[in-house]
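Biologist: Can we go through this one together? Start with the terms, please.

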Amino acid sequence: MTRTDFTCAAVDLGASSGRVVAGEVAAGKLELTELHRFPNSPSHTEAGLRWDISRIHREVLTGLDAAASYAPASVGIDSWAVDHGLLDETGNLLADPYHHRDTRTEGMVERVRELVPDEDLYRTTGLQRLPINTLYQLLASKESGQLESARTMLLLPDLLNYWLTGSIGAEITNASTTQLFDVLGDDWAHDLVRSLGLPTRLLPRPHAPGLRAGTLLAEVGTRTGLPAGLPVTSVASHDTASAVVAVPAETERFAYISCGTWSLVGLELDSPVLTEQSRAANFTNERGVEGTTRYLRNTMGLWLLQECLRCWRERGMRRELGELLDGAARLPAFRSVLDTDDPAFIASQDMPTAIATACANAGEPVPETPEQTVRCVLESLALAHRTTVRDAARLADHEVEVVHMVGGGSRNDLLCQLTADACGLPVVAGPAEATALGNVLVQARAHGAAGNRAAARELVAETQPLRRFEPTGEARGWSTVEARVHGNRQRDHSVDSTSG
(Lines give C-alpha, C1' and ligand atoms only; values in the text may rest on other atoms or scores of the structure.)
Protein backbone atom coordinates (compact mmCIF):
# COMPACT_ATOMS: atom_id res chain seq x y z
CA MET A 1 0.00 0.00 0.00
CA THR A 2 1.47 3.34 -0.99
CA ARG A 3 1.30 6.52 0.99
CA THR A 4 -0.16 9.69 -0.49
CA ASP A 5 0.44 13.44 -0.19
CA PHE A 6 4.19 13.28 -0.69
CA THR A 7 6.21 16.43 -1.35
CA CYS A 8 9.84 16.60 -2.41
CA ALA A 9 12.38 19.00 -3.91
CA ALA A 10 13.77 18.03 -7.30
CA VAL A 11 16.94 19.61 -8.65
CA ASP A 12 16.96 19.29 -12.45
CA LEU A 13 20.16 20.47 -14.11
CA GLY A 14 20.48 20.88 -17.84
CA ALA A 15 23.43 21.98 -19.91
CA SER A 16 21.77 25.32 -20.68
CA SER A 17 19.65 25.92 -17.57
CA GLY A 18 18.94 24.50 -14.15
CA ARG A 19 16.01 24.64 -11.82
CA VAL A 20 14.62 23.48 -8.53
CA VAL A 21 10.99 22.42 -8.33
CA ALA A 22 8.64 21.21 -5.64
CA GLY A 23 6.95 17.97 -6.61
CA GLU A 24 3.69 16.83 -5.09
CA VAL A 25 2.36 13.29 -5.47
CA ALA A 26 -0.97 11.92 -4.29
CA ALA A 27 -3.76 9.76 -5.64
CA GLY A 28 -4.52 11.20 -9.10
CA LYS A 29 -2.11 14.07 -8.52
CA LEU A 30 1.35 14.80 -9.89
CA GLU A 31 2.26 18.47 -9.84
CA LEU A 32 5.41 20.53 -10.19
CA THR A 33 5.94 24.04 -8.90
CA GLU A 34 9.01 25.80 -10.18
CA LEU A 35 10.81 27.51 -7.32
CA HIS A 36 14.05 28.71 -8.86
CA ARG A 37 15.44 28.73 -12.39
CA PHE A 38 18.87 29.86 -13.47
CA PRO A 39 20.89 29.96 -16.70
CA ASN A 40 23.71 27.49 -17.03
CA SER A 41 26.57 27.83 -19.45
CA PRO A 42 30.26 26.93 -19.43
CA SER A 43 33.10 29.37 -19.04
CA HIS A 44 35.85 29.75 -21.61
CA THR A 45 39.02 29.88 -19.51
CA GLU A 46 42.73 29.57 -20.16
CA ALA A 47 42.41 26.07 -18.69
CA GLY A 48 39.70 25.09 -21.17
CA LEU A 49 35.93 25.01 -21.34
CA ARG A 50 34.74 24.54 -17.75
CA TRP A 51 31.62 24.48 -15.61
CA ASP A 52 31.45 27.02 -12.78
CA ILE A 53 30.35 24.31 -10.39
CA SER A 54 30.51 26.56 -7.33
CA ARG A 55 27.95 28.87 -8.93
CA ILE A 56 25.75 25.88 -9.83
CA HIS A 57 26.00 24.72 -6.21
CA ARG A 58 25.00 28.16 -4.94
CA GLU A 59 22.00 28.20 -7.28
CA VAL A 60 20.96 24.75 -6.03
CA LEU A 61 21.12 26.01 -2.44
CA THR A 62 19.05 29.04 -3.39
CA GLY A 63 16.43 26.76 -4.86
CA LEU A 64 16.43 24.51 -1.80
CA ASP A 65 15.99 27.58 0.37
CA ALA A 66 12.85 28.35 -1.65
CA ALA A 67 11.74 24.73 -1.18
CA ALA A 68 11.88 24.90 2.60
CA SER A 69 8.38 26.39 2.84
CA TYR A 70 7.02 23.24 1.18
CA ALA A 71 8.50 21.03 3.94
CA PRO A 72 9.83 18.45 1.46
CA ALA A 73 10.32 14.90 2.67
CA SER A 74 13.28 14.37 0.33
CA VAL A 75 15.67 16.02 -2.11
CA GLY A 76 16.91 14.51 -5.38
CA ILE A 77 19.31 15.71 -8.11
CA ASP A 78 19.59 14.82 -11.79
CA SER A 79 21.80 16.29 -14.50
CA TRP A 80 23.42 15.60 -17.84
CA ALA A 81 25.98 12.82 -18.03
CA VAL A 82 29.74 12.25 -18.45
CA ASP A 83 31.07 15.48 -16.90
CA HIS A 84 32.65 15.08 -13.48
CA GLY A 85 34.71 16.56 -10.70
CA LEU A 86 37.94 15.20 -9.24
CA LEU A 87 38.51 15.25 -5.48
CA ASP A 88 41.87 15.15 -3.74
CA GLU A 89 42.68 12.95 -0.75
CA THR A 90 41.09 15.46 1.62
CA GLY A 91 37.83 15.51 -0.33
CA ASN A 92 38.36 18.92 -1.89
CA LEU A 93 37.58 19.60 -5.53
CA LEU A 94 40.78 19.99 -7.54
CA ALA A 95 39.34 22.25 -10.24
CA ASP A 96 36.11 23.16 -11.96
CA PRO A 97 34.82 20.24 -14.07
CA TYR A 98 35.51 20.31 -17.79
CA HIS A 99 32.63 20.73 -20.20
CA HIS A 100 32.19 17.72 -22.47
CA ARG A 101 32.70 19.91 -25.55
CA ASP A 102 36.22 20.88 -24.48
CA THR A 103 38.68 19.98 -27.22
CA ARG A 104 41.16 18.19 -24.98
CA THR A 105 39.59 14.82 -25.88
CA GLU A 106 40.65 15.13 -29.52
CA GLY A 107 42.62 12.01 -30.44
CA MET A 108 41.61 10.12 -27.29
CA VAL A 109 39.32 7.68 -29.14
CA GLU A 110 42.26 6.61 -31.28
CA ARG A 111 44.42 6.32 -28.18
CA VAL A 112 41.90 3.97 -26.57
CA ARG A 113 41.78 1.89 -29.75
CA GLU A 114 45.50 1.32 -29.39
CA LEU A 115 44.85 -0.22 -25.96
CA VAL A 116 41.46 -1.92 -26.29
CA PRO A 117 39.83 -3.16 -29.51
CA ASP A 118 36.48 -1.63 -30.31
CA GLU A 119 34.75 -5.01 -30.08
CA ASP A 120 36.10 -5.67 -26.59
CA LEU A 121 35.20 -2.18 -25.41
CA TYR A 122 31.62 -2.61 -26.62
CA ARG A 123 31.19 -6.07 -25.11
CA THR A 124 32.36 -4.70 -21.78
CA THR A 125 30.56 -1.34 -21.64
CA GLY A 126 27.85 -1.51 -24.30
CA LEU A 127 28.38 2.16 -25.20
CA GLN A 128 28.66 4.01 -28.46
CA ARG A 129 31.97 5.71 -29.16
CA LEU A 130 31.59 9.36 -28.27
CA PRO A 131 34.62 11.54 -27.58
CA ILE A 132 32.64 13.27 -24.84
CA ASN A 133 32.43 10.08 -22.76
CA THR A 134 34.04 10.12 -19.33
CA LEU A 135 36.53 7.46 -20.40
CA TYR A 136 38.09 9.79 -22.98
CA GLN A 137 37.93 12.76 -20.64
CA LEU A 138 39.78 10.83 -17.94
CA LEU A 139 42.40 9.63 -20.39
CA ALA A 140 43.00 13.22 -21.49
CA SER A 141 43.32 14.23 -17.83
CA LYS A 142 45.78 11.38 -17.22
CA GLU A 143 47.99 12.41 -20.13
CA SER A 144 48.07 16.00 -18.87
CA GLY A 145 49.02 14.87 -15.34
CA GLN A 146 45.75 16.04 -13.82
CA LEU A 147 44.98 12.66 -12.22
CA GLU A 148 48.11 12.54 -10.10
CA SER A 149 46.48 14.34 -7.18
CA ALA A 150 42.99 12.94 -7.76
CA ARG A 151 41.57 10.30 -5.42
CA THR A 152 37.87 10.27 -6.32
CA MET A 153 35.82 10.98 -9.44
CA LEU A 154 32.24 12.13 -8.94
CA LEU A 155 29.78 12.72 -11.75
CA LEU A 156 27.98 16.02 -11.29
CA PRO A 157 24.85 14.81 -9.43
CA ASP A 158 27.06 12.71 -7.16
CA LEU A 159 29.33 15.70 -6.56
CA LEU A 160 26.41 17.91 -5.58
CA ASN A 161 25.00 15.14 -3.38
CA TYR A 162 28.41 14.94 -1.71
CA TRP A 163 28.34 18.65 -0.94
CA LEU A 164 24.83 18.30 0.48
CA THR A 165 25.46 15.19 2.57
CA GLY A 166 29.18 14.48 2.91
CA SER A 167 28.54 10.99 1.47
CA ILE A 168 30.34 9.65 -1.60
CA GLY A 169 28.78 7.29 -4.13
CA ALA A 170 27.99 6.72 -7.80
CA GLU A 171 24.42 6.32 -8.99
CA ILE A 172 24.19 3.61 -11.64
CA THR A 173 22.12 5.24 -14.40
CA ASN A 174 24.74 7.96 -14.68
CA ALA A 175 27.74 5.69 -14.04
CA SER A 176 26.60 3.55 -16.96
CA THR A 177 27.17 6.48 -19.35
CA THR A 178 30.87 6.80 -18.59
CA GLN A 179 32.13 3.88 -20.75
CA LEU A 180 33.82 2.63 -17.59
CA PHE A 181 30.90 0.54 -16.28
CA ASP A 182 30.22 -3.16 -16.76
CA VAL A 183 27.14 -3.36 -19.00
CA LEU A 184 26.25 -6.82 -17.65
CA GLY A 185 26.87 -6.12 -13.98
CA ASP A 186 26.35 -3.63 -11.21
CA ASP A 187 29.92 -2.43 -10.85
CA TRP A 188 32.68 -0.64 -12.66
CA ALA A 189 34.63 -2.52 -15.34
CA HIS A 190 37.78 -2.64 -13.20
CA ASP A 191 39.82 -4.76 -15.63
CA LEU A 192 39.07 -2.33 -18.45
CA VAL A 193 39.98 0.64 -16.29
CA ARG A 194 43.33 -0.94 -15.39
CA SER A 195 44.03 -1.85 -19.03
CA LEU A 196 43.67 1.83 -19.93
CA GLY A 197 46.13 2.81 -17.24
CA LEU A 198 43.50 4.68 -15.24
CA PRO A 199 43.51 4.45 -11.44
CA THR A 200 40.61 2.39 -10.06
CA ARG A 201 40.82 4.42 -6.85
CA LEU A 202 38.84 7.13 -8.64
CA LEU A 203 35.68 5.03 -8.82
CA PRO A 204 33.28 5.22 -5.85
CA ARG A 205 30.94 2.40 -4.95
CA PRO A 206 27.92 2.36 -7.30
CA HIS A 207 24.32 2.06 -6.17
CA ALA A 208 20.89 1.83 -7.76
CA PRO A 209 18.42 4.73 -8.02
CA GLY A 210 15.87 4.96 -5.26
CA LEU A 211 18.32 4.50 -2.41
CA ARG A 212 19.30 7.10 0.13
CA ALA A 213 22.37 9.06 -0.96
CA GLY A 214 22.75 10.56 2.50
CA THR A 215 21.16 13.18 4.72
CA LEU A 216 21.54 16.95 4.72
CA LEU A 217 24.52 18.31 6.59
CA ALA A 218 23.85 20.77 9.40
CA GLU A 219 25.53 23.62 7.51
CA VAL A 220 23.31 22.97 4.48
CA GLY A 221 20.28 23.08 6.73
CA THR A 222 21.42 26.42 8.13
CA ARG A 223 21.91 27.81 4.62
CA THR A 224 18.59 26.56 3.22
CA GLY A 225 16.19 26.37 6.14
CA LEU A 226 15.72 22.66 5.52
CA PRO A 227 16.16 20.36 8.53
CA ALA A 228 19.54 18.71 9.02
CA GLY A 229 19.14 15.00 8.48
CA LEU A 230 16.59 15.42 5.66
CA PRO A 231 16.97 12.44 3.28
CA VAL A 232 18.70 13.07 -0.03
CA THR A 233 17.42 10.38 -2.39
CA SER A 234 19.58 9.06 -5.20
CA VAL A 235 17.19 9.39 -8.13
CA ALA A 236 17.82 8.22 -11.68
CA SER A 237 20.47 10.91 -11.81
CA HIS A 238 21.09 10.83 -15.55
CA ASP A 239 18.48 13.25 -16.87
CA THR A 240 17.47 10.93 -19.70
CA ALA A 241 16.97 8.05 -17.28
CA SER A 242 14.66 10.29 -15.25
CA ALA A 243 12.86 11.41 -18.40
CA VAL A 244 12.21 7.81 -19.48
CA VAL A 245 10.58 7.12 -16.09
CA ALA A 246 7.98 9.76 -17.01
CA VAL A 247 7.26 8.51 -20.54
CA PRO A 248 3.47 7.99 -20.45
CA ALA A 249 3.61 4.71 -22.35
CA GLU A 250 0.60 2.38 -22.32
CA THR A 251 2.46 -0.45 -24.02
CA GLU A 252 5.97 -1.85 -24.11
CA ARG A 253 6.04 -1.36 -27.89
CA PHE A 254 7.20 2.25 -27.82
CA ALA A 255 10.22 4.30 -28.76
CA TYR A 256 11.15 7.49 -26.95
CA ILE A 257 12.84 10.68 -27.98
CA SER A 258 14.10 12.80 -25.11
CA CYS A 259 14.51 15.96 -27.12
CA GLY A 260 16.43 18.96 -25.91
CA THR A 261 19.92 20.15 -26.76
CA TRP A 262 20.48 16.53 -27.82
CA SER A 263 17.93 14.02 -29.04
CA LEU A 264 18.28 10.75 -27.14
CA VAL A 265 16.40 8.27 -29.30
CA GLY A 266 15.81 4.71 -28.25
CA LEU A 267 13.91 1.89 -26.61
CA GLU A 268 13.43 0.54 -23.10
CA LEU A 269 14.53 -3.10 -22.99
CA ASP A 270 14.93 -5.85 -20.42
CA SER A 271 18.56 -6.50 -21.39
CA PRO A 272 21.35 -4.93 -23.45
CA VAL A 273 21.94 -5.55 -27.15
CA LEU A 274 25.63 -6.35 -27.64
CA THR A 275 25.72 -7.73 -31.17
CA GLU A 276 28.32 -6.71 -33.69
CA GLN A 277 25.56 -5.07 -35.73
CA SER A 278 24.60 -2.96 -32.72
CA ARG A 279 28.20 -1.93 -32.18
CA ALA A 280 28.64 -1.02 -35.85
CA ALA A 281 25.50 1.10 -35.68
CA ASN A 282 26.94 2.87 -32.62
CA PHE A 283 24.06 2.20 -30.26
CA THR A 284 24.42 2.60 -26.53
CA ASN A 285 23.16 0.42 -23.69
CA GLU A 286 22.67 2.53 -20.58
CA ARG A 287 21.03 1.54 -17.32
CA GLY A 288 17.49 2.54 -16.51
CA VAL A 289 15.34 2.11 -13.43
CA GLU A 290 14.32 -1.34 -12.23
CA GLY A 291 17.31 -2.88 -14.02
CA THR A 292 16.10 -1.93 -17.48
CA THR A 293 18.33 -0.99 -20.40
CA ARG A 294 18.02 2.28 -22.24
CA TYR A 295 19.00 1.23 -25.75
CA LEU A 296 19.61 4.43 -27.61
CA ARG A 297 21.73 6.55 -29.84
CA ASN A 298 22.63 10.19 -29.30
CA THR A 299 21.67 12.32 -32.25
CA MET A 300 22.00 16.03 -32.67
CA GLY A 301 19.02 17.78 -31.11
CA LEU A 302 17.76 21.32 -30.85
CA TRP A 303 21.35 22.50 -30.33
CA LEU A 304 21.35 23.34 -34.04
CA LEU A 305 18.29 25.57 -33.72
CA GLN A 306 19.44 27.05 -30.40
CA GLU A 307 22.77 28.07 -31.90
CA CYS A 308 21.09 29.56 -34.97
CA LEU A 309 18.82 31.64 -32.75
CA ARG A 310 21.78 32.79 -30.68
CA CYS A 311 23.70 33.89 -33.77
CA TRP A 312 20.71 35.69 -35.25
CA ARG A 313 20.10 37.54 -31.97
CA GLU A 314 23.75 38.61 -31.91
CA ARG A 315 23.27 39.99 -35.42
CA GLY A 316 20.30 42.05 -34.26
CA MET A 317 17.49 39.90 -35.68
CA ARG A 318 14.59 40.29 -33.24
CA ARG A 319 12.07 37.87 -34.71
CA GLU A 320 10.51 35.37 -32.33
CA LEU A 321 10.89 31.61 -32.61
CA GLY A 322 7.13 31.17 -33.08
CA GLU A 323 7.18 33.43 -36.11
CA LEU A 324 10.10 31.52 -37.62
CA LEU A 325 8.39 28.18 -37.02
CA ASP A 326 5.17 29.42 -38.63
CA GLY A 327 7.13 30.56 -41.67
CA ALA A 328 9.10 27.31 -41.84
CA ALA A 329 5.89 25.26 -41.70
CA ARG A 330 4.62 26.98 -44.87
CA LEU A 331 7.74 26.18 -46.91
CA PRO A 332 8.00 23.30 -49.38
CA ALA A 333 9.25 20.02 -47.94
CA PHE A 334 12.72 18.57 -48.39
CA ARG A 335 14.42 21.56 -50.05
CA SER A 336 17.55 21.19 -47.93
CA VAL A 337 18.09 18.23 -45.60
CA LEU A 338 21.35 17.28 -43.88
CA ASP A 339 22.94 14.50 -41.87
CA THR A 340 22.87 15.94 -38.36
CA ASP A 341 25.66 13.57 -37.29
CA ASP A 342 28.12 15.71 -39.26
CA PRO A 343 30.89 16.53 -36.73
CA ALA A 344 30.96 20.07 -38.12
CA PHE A 345 27.93 20.80 -35.95
CA ILE A 346 29.32 19.73 -32.56
CA ALA A 347 31.07 22.87 -31.38
CA SER A 348 29.55 26.27 -30.65
CA GLN A 349 30.07 28.47 -33.70
CA ASP A 350 28.30 30.47 -36.39
CA MET A 351 25.70 27.75 -36.89
CA PRO A 352 23.75 29.33 -39.81
CA THR A 353 27.01 29.55 -41.75
CA ALA A 354 27.97 25.99 -40.75
CA ILE A 355 24.61 24.74 -42.03
CA ALA A 356 24.98 26.67 -45.26
CA THR A 357 28.49 25.26 -45.76
CA ALA A 358 27.31 21.72 -45.04
CA CYS A 359 24.48 22.11 -47.55
CA ALA A 360 26.87 23.33 -50.21
CA ASN A 361 29.29 20.47 -49.52
CA ALA A 362 26.48 17.90 -49.71
CA GLY A 363 25.00 19.32 -52.91
CA GLU A 364 21.88 20.55 -51.11
CA PRO A 365 20.41 23.99 -51.85
CA VAL A 366 21.84 26.54 -49.44
CA PRO A 367 19.15 28.11 -47.20
CA GLU A 368 18.63 31.74 -48.15
CA THR A 369 16.39 32.87 -45.28
CA PRO A 370 16.13 32.12 -41.56
CA GLU A 371 12.86 30.27 -42.24
CA GLN A 372 14.60 28.01 -44.75
CA THR A 373 17.37 27.35 -42.23
CA VAL A 374 14.81 26.44 -39.56
CA ARG A 375 13.01 24.12 -41.99
CA CYS A 376 16.33 22.51 -42.88
CA VAL A 377 17.18 21.97 -39.22
CA LEU A 378 13.83 20.47 -38.23
CA GLU A 379 13.51 18.19 -41.25
CA SER A 380 17.07 17.02 -40.68
CA LEU A 381 16.29 16.26 -37.03
CA ALA A 382 13.12 14.41 -38.00
CA LEU A 383 15.12 12.34 -40.49
CA ALA A 384 17.61 11.46 -37.75
CA HIS A 385 14.72 10.45 -35.49
CA ARG A 386 13.31 8.23 -38.26
CA THR A 387 16.61 6.52 -38.97
CA THR A 388 17.41 5.94 -35.30
CA VAL A 389 13.98 4.63 -34.30
CA ARG A 390 14.02 2.18 -37.21
CA ASP A 391 17.58 1.08 -36.56
CA ALA A 392 16.85 0.51 -32.86
CA ALA A 393 13.73 -1.53 -33.58
CA ARG A 394 15.58 -3.66 -36.13
CA LEU A 395 18.69 -4.26 -34.04
CA ALA A 396 16.72 -5.07 -30.88
CA ASP A 397 14.03 -7.04 -32.73
CA HIS A 398 11.52 -4.88 -30.90
CA GLU A 399 8.24 -3.76 -32.45
CA VAL A 400 7.43 -0.06 -32.17
CA GLU A 401 3.85 1.18 -32.42
CA VAL A 402 4.19 4.71 -31.07
CA VAL A 403 6.91 7.29 -30.49
CA HIS A 404 6.87 9.30 -27.28
CA MET A 405 8.61 12.66 -27.51
CA VAL A 406 9.38 14.20 -24.13
CA GLY A 407 11.41 17.19 -23.02
CA GLY A 408 11.53 20.70 -24.41
CA GLY A 409 11.33 19.50 -28.00
CA SER A 410 7.85 18.15 -27.37
CA ARG A 411 6.60 21.77 -27.36
CA ASN A 412 7.71 22.22 -30.98
CA ASP A 413 4.62 21.28 -32.99
CA LEU A 414 6.42 21.37 -36.32
CA LEU A 415 9.17 19.03 -35.13
CA CYS A 416 6.59 16.65 -33.61
CA GLN A 417 4.59 16.51 -36.84
CA LEU A 418 7.68 16.09 -39.00
CA THR A 419 8.84 13.27 -36.71
CA ALA A 420 5.46 11.53 -36.99
CA ASP A 421 5.61 11.86 -40.78
CA ALA A 422 9.23 10.70 -40.95
CA CYS A 423 8.72 7.68 -38.68
CA GLY A 424 5.32 6.81 -40.12
CA LEU A 425 4.11 6.41 -36.55
CA PRO A 426 1.97 8.41 -34.12
CA VAL A 427 3.96 10.77 -31.92
CA VAL A 428 2.68 11.46 -28.41
CA ALA A 429 4.21 14.75 -27.31
CA GLY A 430 4.79 15.43 -23.64
CA PRO A 431 5.37 15.85 -20.90
CA ALA A 432 7.83 18.64 -21.55
CA GLU A 433 8.87 18.39 -17.90
CA ALA A 434 9.58 14.66 -18.08
CA THR A 435 12.99 14.82 -16.40
CA ALA A 436 11.76 16.65 -13.32
CA LEU A 437 8.67 14.44 -13.16
CA GLY A 438 10.82 11.31 -13.32
CA ASN A 439 13.03 12.72 -10.56
CA VAL A 440 9.96 13.30 -8.37
CA LEU A 441 8.46 9.87 -9.14
CA VAL A 442 11.63 8.01 -8.14
CA GLN A 443 11.74 9.96 -4.88
CA ALA A 444 8.06 9.25 -4.28
CA ARG A 445 8.52 5.54 -4.87
CA ALA A 446 11.55 5.43 -2.58
CA HIS A 447 9.40 6.90 0.19
CA GLY A 448 6.39 4.68 -0.41
CA ALA A 449 4.25 7.29 -2.16
CA ALA A 450 4.26 5.88 -5.71
CA GLY A 451 4.27 2.52 -7.41
CA ASN A 452 6.45 0.86 -10.05
CA ARG A 453 7.22 2.06 -13.58
CA ALA A 454 3.81 1.07 -14.92
CA ALA A 455 2.00 2.85 -12.11
CA ALA A 456 4.19 5.92 -12.49
CA ARG A 457 3.48 6.10 -16.22
CA GLU A 458 -0.22 5.69 -15.65
CA LEU A 459 -0.10 8.63 -13.24
CA VAL A 460 1.79 10.74 -15.78
CA ALA A 461 -0.72 9.93 -18.53
CA GLU A 462 -3.59 10.74 -16.16
CA THR A 463 -2.27 14.07 -14.92
CA GLN A 464 -0.07 15.65 -17.61
CA PRO A 465 -1.14 17.41 -20.83
CA LEU A 466 -0.29 15.29 -23.86
CA ARG A 467 -0.80 15.85 -27.59
CA ARG A 468 -0.93 13.28 -30.37
CA PHE A 469 0.42 13.81 -33.90
CA GLU A 470 -0.64 11.33 -36.57
CA PRO A 471 1.53 10.72 -39.64
CA THR A 472 0.17 12.36 -42.79
CA GLY A 473 1.19 9.61 -45.18
CA GLU A 474 4.37 11.13 -46.64
CA ALA A 475 6.43 7.97 -46.08
CA ARG A 476 7.55 7.78 -49.71
CA GLY A 477 8.92 11.31 -49.61
CA TRP A 478 10.89 10.54 -46.45
CA SER A 479 12.30 7.36 -47.97
CA THR A 480 13.49 9.36 -50.96
CA VAL A 481 15.10 12.09 -48.88
CA GLU A 482 16.71 9.50 -46.60
CA ALA A 483 18.37 7.87 -49.61
CA ARG A 484 19.43 11.29 -50.87
CA VAL A 485 21.02 12.38 -47.60
CA HIS A 486 22.74 9.10 -46.94
CA GLY A 487 24.02 9.12 -50.49
CA ASN A 488 25.43 12.60 -49.99
CA ARG A 489 27.38 11.45 -46.98
CA GLN A 490 28.45 7.87 -46.50
CA ARG A 491 26.94 7.21 -43.11
CA ASP A 492 29.61 5.85 -40.81
CA HIS A 493 28.48 5.72 -37.20
CA SER A 494 32.01 5.97 -35.92
CA VAL A 495 33.75 8.60 -33.86
CA ASP A 496 34.17 10.69 -36.99
CA SER A 497 30.42 11.04 -37.42
CA THR A 498 28.98 10.93 -33.93
CA SER A 499 27.00 13.77 -32.43
CA GLY A 500 28.90 14.01 -29.17
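Modeller: A charge sits over a ring if NZ of Lys or CZ of Arg is within 6 Å of the ring centre and within 35 degrees of the ring normal. Arginine 104 meets that over the face of tyrosine 98, at 3.6 Å from the ring centre. This is a predicted model, where local features need pLDDT of at least 70, side-chain atom pairs count only at pLDDT 80 or more, and totals for chains, interfaces and linings use all residues. Residues are numbered from 1 along each chain as its sequence is written, and side-chain values use heavy atoms, with hydrogens and water left out.

Biologist: And arginine 101, which ring face does that lie over?

Modeller: The face of tryptophan 303, with 3.8 Å to the ring centre.

Biologist: Switching to threonine 261. Buried or exposed?

Modeller: Threonine 261 is buried, at a relative accessible area of 18%; buried means under 20%, exposed over 50%, partly exposed in between, using a 1.4 Å probe and protein chains only.

Biologist: What is threonine 261 in contact with, neighbours within four places aside?

Modeller: Ser16, Arg101, Gly301, Leu302, Trp303 and Gln306, where contact means heavy atoms within 4.5 Å.

Biologist: Aromatics next. How many pairs in the whole structure?

Modeller: Four. Rings of Phe, Tyr and Trp (its six-membered ring) pair if their centres lie within 6.5 Å; planes under 30 degrees apart count as stacked, over 60 as edge-to-face and the rest as tilted. One of them is tryptophan 51 with tryptophan 80, tilted, 4.5 Å centre to centre and 45° between the planes.

Biologist: Are those two buried or exposed?

Modeller: Tryptophan 51 and tryptophan 80 are both buried.
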